[in-house]
Amino acid sequence: MTAAFADQSHTPYSADFERWRQRSRLIRRLRVILPAVIAIILLVMAGFIIQSTLAGAKDKPQDADAPIQLVNPRFLGRDDKGRAFVLTAKTAVRDPKDYQRVMLDTPMLILDEEGPRPTRISAKAGVYREDKRVLNLEGGVKLNGGDVNFATATSIFNTATGELEGAGEIKGAGALGEIIAKSYGVYDKGERMVFKGGVHTRVESH
């Protein structure tokens, strides 16, 4: 009886039964593994979406209405007579309440830059009005051009006419000596300078 039973355990039917059991175990495992893999993929995708959303919110400008600022701007222009001038600054910011008004930090105006005697005017601050084509310079205005160097409080440059004028106490020095006045004007690309109001000069002999 024992020998007969041993022979039955190795019949083709028992081999098929064993393969069926193996496939059944594999299917049970896949039923657990596949949903778990899908769940992990969904979690990874959700995490990526959340991270992208947070990163996008972080990169978004804090104030979308903040005025546009230009760093180291350089404006090139010509007056009505075709004379060139160059205006640079550390920054330029357009007034959000008045788009014709551009505020300049540490502006530098150069008249006749490519000429033999360019004139440079610098200041701590400036305001340029596009509608009137007028540049106002304020704070420690310094003019260096040709043989004249002087300082004043404010100056106005008309980009249409190419004329530069200033009011307030003016102190400077030129090739002939020192000069003090209450206003000044620069005309004809710096070729002609006019001082007015309590003009005092001290001519130095050479």
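Let me begin with Met45, which is found in helix H2, residues 12-59; helices here are DSSP runs of H or I with at least four residues, strands are runs of E with at least two, and both are numbered from the N terminus. The model is predicted, with local features requiring pLDDT of at least 70 and side-chain atom pairs counted only at pLDDT 80 or more, while totals for chains, interfaces and linings use all residues. Residues are numbered from 1 along each chain as its sequence is written, and side-chain values use heavy atoms, with hydrogens and water left out.

Met45 is partly exposed, at a relative accessible area of 47%; buried means under 20%, exposed over 50%, and partly exposed in between, with a 1.4 Å probe and protein chains only. Together with Val32, Ile33, Val37, Ile38, Ile41 and Leu42, Met45 makes a nonpolar surface patch of about 660 Å². Such a patch takes residues with over 30% relative accessible area and no salt bridge, joining nonpolar side chains (Val, Leu, Ile, Met, Phe, Trp, Tyr) within 5 Å.

I turn to the chain as a whole. Its secondary structure comes to 2 helices and 14 strands, and buried residues make up 27% of its 206 residues.

Which residues touch the most other members of the largest nonpolar core? They are Leu109, Ile121 and Leu135, in a core of 22 residues. A core is a set of buried Ala, Val, Leu, Ile, Met, Phe, Trp, Tyr and Cys residues joined through side-chain atoms within 4.5 Å. Strand S9 (134-145) is among the elements that give two or more residues to this core, and S9 gives the most, with 4 residues. Leu135 touches, among others, Leu87, Leu104, Leu109 and Phe157, leaving aside residues up to four places away in sequence; contact means heavy atoms within 4.5 Å.

Finally, the charged pairs. The structure holds 7 salt bridges, each a side-chain nitrogen of Lys or Arg within 4 Å of a carboxyl oxygen of Asp or Glu. In helix H2, Glu18 and Arg21 lie 3 residues apart, about one turn of the helix, and their side chains meet at 3.9 Å, N to O. Glu18, Arg21 and Arg25 are linked in a network of salt bridges. The side chains of Arg101 and Asp95 meet in another salt bridge, at 3.1 Å, N to O. Is Asp95 buried or exposed? Asp95 is buried, with a relative accessible area of 14%, whereas Arg101 counts as partly exposed at 27%.

Technical notes:
Patch = residues over 30% accessible without salt bridge, like charges linked within 9 Å, V, L, I, M, F, W, Y side chains within 5 Å. Areas by Shrake-Rupley, 256 points an atom, 1.4 Å probe, with all protein chains shown as cover.
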